[in-house]
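Student: I have this model open beside its sequence. Could you help me see what lies behind each term used for it?

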Amino acid sequence: MDLTYTAEEDEFRARLSRWLARTLPELPPPPDPLDWPGRRAYDMGWQRRLYDAGYAGLHWPVDAGGRGATPTQHLIYLEETEKAGAPYVGANFVGLLHAGPTIASEGSAEQRARWLPPVLRGDEVWCQGFSEPDAGSDLASLRTRAWRDGDHYVVSGSKIWTSHAEVADWCELLVRTTPVSESVPKHRGISWLAMPMDAPGITVRPLRTLAGSTEFAEMFLDEVRVPVANRVGDENDGWRVTMVTLSYERGTAFVGEVVACRRVLGELAREASKNGRWDDAVLRRRLGRLSAEFGALWRLTQWNVSESQHTGGVPGVGGSVFKLRYSHARQELYDAAADVLGPGALDLGHPWALDRLSSLSYTIAAGTSQIQQNIVAERILGLPKGR
Amino acid sequence: MDFQLTEDQRALRDGVRDLLEGRFDRAALRAAVDASERAGTAPLDRELWRELGAAGFFSLTLPEAEGGVGLGLPEAVLAFEEAGRVLLPGPLVATFLAAGDIPGAASGDVMVTSADGSLVAWLDEADVVRGDVSGAVPARSVDPLTPLHRLPAGGSGASGGAFRAGAGALLTAAEQLGSAARTTEMAVQYARERAQFGQLIGAFQAVKHLCAQMLVRAETARAAVYAAAVTGDPLEVCGAKLLADDAAVRNARDCLQVHGGMGFTWEADVHLHLKRAWVRAGAGRSAGDAEEALAAAL
Ligand SMILES: Cc1cc2nc3c(=O)[nH]c(=O)nc-3n(C[C@H](O)[C@H](O)[C@H](O)COP(=O)(O)OP(=O)(O)OC[C@H]3O[C@@H](n4cnc5c(N)ncnc54)[C@H](O)[C@@H]3O)c2cc1C
């Protein structure tokens with residue numbers, strides 16, 4: 001076990017932090033958190049700077065346009081950008097963290113050439129069209145249909161909870177290419193398509209979240225024509241491709257946020273010292289325990305990243321262990337923040353009030369805690385599948 | 001950075017596991033519990049203590065020049081984790097910490113205990129006692145394999161902050177980790193054998209989710225304990241102890257729940273894990289103090 005960084009890694013960190021110190025002051029002021037088009041422009045502007053400086057797609061393979069960095073370098077990148085207060089991946093989330101890596105590992109040469117560079121440059125935004133009104137946790141029961149018509153699929157159905165749909169150029173879309181039957185169980189017969197969001201027949205209807213923003217949407221697909229060439233992986237083999245996507249989603253998506261939570265915890269302590277709440281021993285101890293919690297979560301991250309470095313590639317089920325613990329810890333953090341703020345926590349003008357609201361999604365999005373517990377119990381612990 | 005066990009560390013862990021499973025298996029554990037019941041106090045197996053000494057258990061971190069094995073805290077943590085898995089009784093941590101300066105401790109010929117906080121374990125059996133134990137009165141220990149004395153209020157013997165905040169706390173946390181991992185395995189094993197309503201209880205989600213949370217607790221504590229062993233950072237040790245105490249105590253309770261009525265029997269080992277976890281959680285600095293220390297550093 002070695003927690004020290006190599007000279008090369010230190011050097012990488014130093015170069016990155018110098019670049020961040022130089023670049024961040026040049027950024028325009030951040031947009032209103034409820035303004036999605038504004039956020040797209042801001043997030044893409046940041047991605048472009050990363051691209052120009054050679055930091056885009058750090059952890060992607062070189063032949064996919066990435067930098068082929070080791071998982072440890074990626075970790076350093078997440079740590080330093082967060083510490084420096086750099087913008088989040090934001091609207092580029094799906095493209096950079098799951099559609100991109102999925103295309104990089106499952107796509108053809110032409111597909112990689114078509115879709116990956118614009119993601120890295122910050123030119124194109126992706127969204128994820130997996131969930132449907134009747135297929136959330138039970139994703140494989142999705143019903144959106146795709147018929148073959150020459151060299152196109154004709155897609156009809158609807159999707160829901162599609163984050164960033166309002167501002168996306170592409171959608172990683174799961175469709176049913178063969179109806180469920182006795183010979184085709186529900187996990188078969190699914191295909192993974194890249195759907196252009198400007199195709200005729202797509203209606204996006206924003207949904208308002210409990211935080212007041214329109215960060216996700218409903219999507220209605222009415223005979224949308226998607227070229228067969230846009231299918232990643234074989235026809236009816238989309239479930240396997242999807243598992244690759246989801247492992248990325250759970251494996252690395254939250255890593256940088258742990259650093260952010262540790263920073264927020266420090267801010268909480270300072271705020272409490274200022275407003276007198278620090279005198280409350282119960283609150284103080286709660287913050288102390290949260291500090292242990294986030295310290296451990298950061299170490300768990302390093303453990304998982306080291307493990308993936310050994311097993312080479314796709315993050316393992318350790319991601320589910322992490323996601324379970326982290327999603328709850330994050331909610332506890334912002335509940336503690338509300339205690340620190342007192343009545344101020346009810347003022348949406350305070351960033352912690354909005355963060356507290358958005359933390360409520362963490363135990364639901366990307367697989368609910370219940371589903372993650374099933375995954376841990378069945379795939380790690382080997383308990384029997386339930387009905 | 002490479003936060004995974006090295007080949008050597010794996011080999012060491014496997015070696016200690018083999019030794020302990022051979023020398024202190026379930027039959028030995030239950031025999032010790034029975035003997036403790038008969039005698040009214042836990043007997044300590046001196047022969048086993050010396051065997052541990054001969055195998056280098058107490059001298060793992062002593063320099064080779066002083067007859068030790070010359071390894072570091074991470075290796076000691078792995079060994080103590082194994083001791084925690086099998087519920088090895090005795091003042092392992094105090095003897096380990098004394099190995100450098102009390103003759104005979106390293107070889108297992110001398111058993112050392114220390115006054116720490118308001119309780120002292122193994123006072124009657126120990127050859128050497130560190131700290132002030134005047135006024136200690138015997139208690140009827142909740143853990144059949146850890147005899148306890150209580151120290152008078154205010155006069156806590158405190159053998160030094162080194163145990164409380166440093167290596168002692170870390171090694172105790174490592175034992176808790178071993179116990180937490182073991183109770184997870186016990187629960188999973190039972191859930192795969194016991195059937196109700198025509199199916200294995202492990203297929204019921206309510207049971208599955210208890211088991212999943214047990215693994216999450218154990219693995220989170222593992223990351224914290226191993227990292228603290230590598231950095232030796234006192235605050236990280238504090239955090240690791242908090243998380244490991246929590247994992248050991250709560251996992252034992254959940255394991256008991258998964259075992260149903262069987263879990264409430266003397267016959268099942270679950271209560272032994274829970275009771276030892278309570279004793280270890282009470283060793284050294286209190287959880288409240290550890291939380292305060294972490295808060296003060298924010
Ligand atoms: C902020 C946010 C952003 C999202 N972004 C996207 C996106 O971009 N693209 C996308 O495709 N999806 C997205 N989702 C959808 C998300 O993946 C689903 O909400 C999630 O998988 C749960 O599905 P559901 O909402 O249909 O809930 P349901 O599946 O109906 O679950 C309802 C409740 O039942 C429980 N439950 C369901 N099945 C089981 C079971 N087998 N065992 C035990 N309990 C069970 C759940 O845990 C939950 O508590 C997003 C969700 C949120 C909140």
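**Terms and values**

Tutor: Let's start just after helix α11(A), where A:Gly382 takes a positive phi of about 70 degrees. This is a predicted model, in which local features need pLDDT of at least 70, side-chain atom pairs count only at pLDDT 80 or more, and totals for chains, interfaces and linings use all residues; side-chain values use heavy atoms, with hydrogens and water left out. Residues are numbered from 1 along each chain as its sequence is written, while chains are lettered from A and ligands numbered from 1 in the order in which they are written.

Student: Why is α11 of chain A called a helix, and what does it reach from its first C-alpha to its last?

Tutor: Helices are DSSP runs of H or I with at least four residues, strands are runs of E with at least two, and both are numbered from the N terminus. Helix α11(A), residues 369–380, has 12 residues, so it meets the helix cut-off.

Student: Which residues of α11(A) are buried?

Tutor: Among them are A:Gln372, A:Ile375 and A:Val376. Buried means under 20% relative accessible area, exposed means over 50%, and partly exposed is in between (1.4 Å probe, protein chains only).

Student: How do you know whether A:Ala366 is buried or exposed?

Tutor: Its relative accessible area is 18%, so A:Ala366 is buried. This alanine sits in the loop between α10 (351–359) and α11 of chain A, and has a positive phi of about 60 degrees although it is not a glycine.

Student: And B:Phe197, is that buried or exposed?

Tutor: At 79% relative accessible area, B:Phe197 counts as exposed. The residue lies in the loop between β6 (195–196) and β7 (199–200) of chain B, with a positive phi of about 50 degrees although it is not a glycine.

Student: What makes β2(A) and β3(A) a pair?

Tutor: Two strands pair if DSSP finds at least two bridges between them. Strands β2 (145–149) and β3 (152–163) of chain A have 5 bridges, in the antiparallel sense, so they pass. They form a hairpin with 2 residues between them, and A:Gly150 in the turn has a positive phi of about 65 degrees. A:Ala146 has A:Val155 of β3(A) as its bridge partner.

Student: How many bridges join β3(A) to β7(A)?

Tutor: There are 9, and β3(A) and β7 (residues 216–227) run antiparallel. Here A:Val155 stands opposite A:Val224.

Student: Why do β2 and β4 of chain B stand at the edges?

Tutor: The open antiparallel sheet has the order β2-β5-β4. Strands β2 (119–121) and β4 (137–139) of chain B each have a single partner strand, so one side of each is left without a neighbour in the sheet. Between β2(B) and β5 (148–150) there are 3 bridges, with B:Ala121 opposite B:Leu148.

Student: How many residues of chain B are in contact with chain A?

Tutor: 45 residues of chain B touch 46 of chain A, where contact means heavy atoms within 4.5 Å. The two chains bury about 4,200 Å² between them, 65% of it on carbon and sulfur atoms; buried area is the accessible area (1.4 Å probe) that two parts lose on being put together, summed over both. B:Met1, B:Gln4 and B:Leu298 supply 21% of the area that chain B buries against chain A, more than any other three residues.

Definitions and conventions. Expected span 1.5 Å × (residues − 1).
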